[in-house]
Amino acid sequence: MAVVRCPNGHYYDDQKFSRCPHCGIFANMDLNQMKGGSKRKENDEKTVALSSSERSVENFCRTISLEEAMADPADDQKTVGYYSDSHGNDFVTGWVVCVKGQERGRDYRLYHGFNQVGRSLGMAVCLSADPGVSRENHCAVVYEARENQFYLVPEGGNSVLLNGKVVSGPETLRTGDRIGVGASELEFVAFCREGRVWEDE
């Protein structure tokens, strides 16, 4: 097999074709004529490389926001707790605020059940810029509705600190407690607490 180039700039296999198959379709036609009798633009069927001055990212793509990339017009419903389909499990129960690290100043809502902490976008508390945090399930902040209580639960043997001390098992959380993961520190704020719960309708 030999790939050759015709005088018009097309490449083809000379063992499969005796002449350029791209030019062959115009063998009995005036190359300056197009359907309808209009004049062809010079070189309008040739493939050409972009010059270095034309090689700009704007010619190929544009930057879009994460929200735009993940938007699904058909999916306009909130995610509810997996462990139960009870109404109200998607109500906010508290927050954590990043007070130290790359995500400093960002806040994250907490809901019923397990609120996973990690770098993945699927985590309830996504610390994507902290390489010291596991991608999935570094730890979890758990709200137990029956007890109206929050717990910090380390997962997967990852290092987790509560108010500067290493956590080896589930620990009770109170407003103002500091959670240390990787190079980040999160301050916990409870919405649901003594005297405040989401009551059943």
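This briefing walks through the fold, the sheet, the aromatic rings and the salt bridges of the structure above.

What you see is a predicted model, so local features need pLDDT of at least 70 and side-chain atom pairs count only at pLDDT 80 or more, while totals for chains, interfaces and linings use all residues. Residues are numbered from 1 along each chain as its sequence is written, and side-chain values use heavy atoms, with hydrogens and water left out.

**The chain as a whole**

- The protein chain has 2 helices and 13 strands; both are DSSP runs numbered from the N terminus, with helices (H or I) needing at least four residues and strands (E) at least two.
- Of its 201 residues, 30% count as buried. Buried means under 20% relative accessible area, exposed means over 50%, and partly exposed is in between (1.4 Å probe, protein chains only).
- Take the contacts in the protein chain with a separation of 6 or more: 34% of them come from residues 24 or more positions apart. A contact here means heavy atoms within 4.5 Å.

**The sheet**

- Strands of a sheet pair through backbone hydrogen bonds, either parallel or antiparallel.
- Here, 6 strands make an open sheet with antiparallel pairing, in the order β4-β3-β13-β12-β9-β10. Two strands pair if DSSP finds at least two bridges between them.
- At the edges sit β4 (107-110) and β10 (165-166), each of which pairs on one side only.
- Strand β9 (residues 160-162) pairs with β10 in the antiparallel sense over 2 bridges, and L162 stands opposite K165 in β10.

**Aromatic rings**

- You can find 3 aromatic pairs in the structure. Rings of Phe, Tyr and Trp (its six-membered ring) pair if their centres lie within 6.5 Å; planes under 30 degrees apart count as stacked, over 60 as edge-to-face and the rest as tilted.
- W95 and F191 form an edge-to-face pair, 5.9 Å centre to centre with 85° between the planes.
- Because W95 lies in strand β3 (residues 94-100) and F191 in the segment after β13 (184-190), this pair ties together parts that are 96 residues apart in sequence.
- W95 is partly exposed at 25% relative accessibility, and F191 is partly exposed with a relative accessible area of 22%.
- Y143, F150 and F188 form one aromatic cluster.

**Salt bridges**

- Side chains of opposite charge can pair when their charged atoms come close.
- The structure holds 4 salt bridges, each being a side-chain nitrogen of Lys or Arg within 4 Å of a carboxyl oxygen of Asp or Glu.
- One of them links E144 and R146, whose closest N and O atoms are 2.8 Å apart; R146 is exposed, with a relative accessible area of 77%.
- R178 has a salt bridge with E185 (2.6 Å, N to O) and another with E187 (3.0 Å, N to O). Shared partners join R178, E185 and E187 into one network.
- R178 is partly exposed at 32% relative accessibility, E185 is partly exposed with a relative accessible area of 24%, and E187 counts as partly exposed at 24%.
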